[in-house]
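Colleague: I have a few questions about this structure. Could we go through them together?

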Amino acid sequence: MIKQPIFATVSLASVTLFIMKLLRSLIFTLSAFLSISMSAQTYGCLDPLANNYDPLATVDNGYCCYENYLTIEASDNVLTVEF
């Protein structure tokens, strides 16, 4: 038995409707993705005087680095200060 190919008649209106629904779905998905991406927080240094200042950061991560810095180390009741 030889299988005959199946041909379907599709109207231009149904193809157009399908494409419109597909585009609407893609636009909805893209807009949802963009709203999630735009509301995401970016961690980084918010101090513009720091060496690692991140102008795109929205939340300070507490790790700003400066060219000249002060190190304070305490151990065994001894306080060491380096500049």
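Colleague: Is cysteine 65 buried, partly exposed or exposed?
Modeller: In this predicted model, cysteine 65 has a relative accessibility of 43%, so it counts as partly exposed.

Colleague: Which cysteine sulfur is nearest to that of cysteine 65, and how far away is it?
Modeller: The nearest cysteine sulfur belongs to cysteine 45, 7.5 Å away. Cysteine 65 is in no disulfide, since a disulfide requires the sulfur atoms to be within 2.5 Å.

Colleague: How many disulfides does a search of the whole structure find?
Modeller: The search finds one. The disulfide joins cysteine 45 to cysteine 64, with an S to S distance of 2.0 Å.

Colleague: Where in the chain are those two cysteines?
Modeller: The pair links distant parts of the chain, 19 residues apart. Cysteine 45 is in the loop between strand 1 (43–44) and strand 2 (59–60), while cysteine 64 is in the loop between strand 2 and strand 3 (71–75).

Colleague: And the handedness: is the disulfide right-handed or left-handed, and why?
Modeller: The disulfide is right-handed, because the torsion about the S-S bond of cysteine 45 and cysteine 64 is about 110°.

Colleague: What is the relative accessible area of cysteine 45, and of cysteine 64?
Modeller: Cysteine 45 is buried, at 2%, whereas cysteine 64 is partly exposed, at 22%.

Colleague: Changing topic, which residues make the nonpolar surface patch?
Modeller: Leu12, Val15, Phe18, Ile19, Leu22, Leu23, Leu26 and Ile27 make a patch of about 810 Å².

Colleague: Where does leucine 26 lie?
Modeller: Leucine 26 is in helix 1, which covers residues 12–39.

Conventions
Residues are numbered from 1 along each chain as its sequence is written. This is a predicted model: local features need pLDDT of at least 70, side-chain atom pairs count only at pLDDT 80 or more; totals for chains, interfaces and linings use all residues. Side-chain values use heavy atoms; hydrogens and water are left out. Helices (H or I, at least four residues) and strands (E, at least two) are DSSP runs, numbered from the N terminus. Buried means under 20% relative accessible area, exposed over 50%, partly exposed in between (1.4 Å probe, protein chains only). Patches are made of residues with over 30% relative accessible area and no salt bridge: like charges are joined within 9 Å, nonpolar side chains (Val, Leu, Ile, Met, Phe, Trp, Tyr) within 5 Å. Accessible areas come from the Shrake-Rupley method with a 1.4 Å probe; for residues, only the protein chains shown count as cover. A salt bridge is a side-chain nitrogen of Lys or Arg within 4 Å of a carboxyl oxygen of Asp or Glu.
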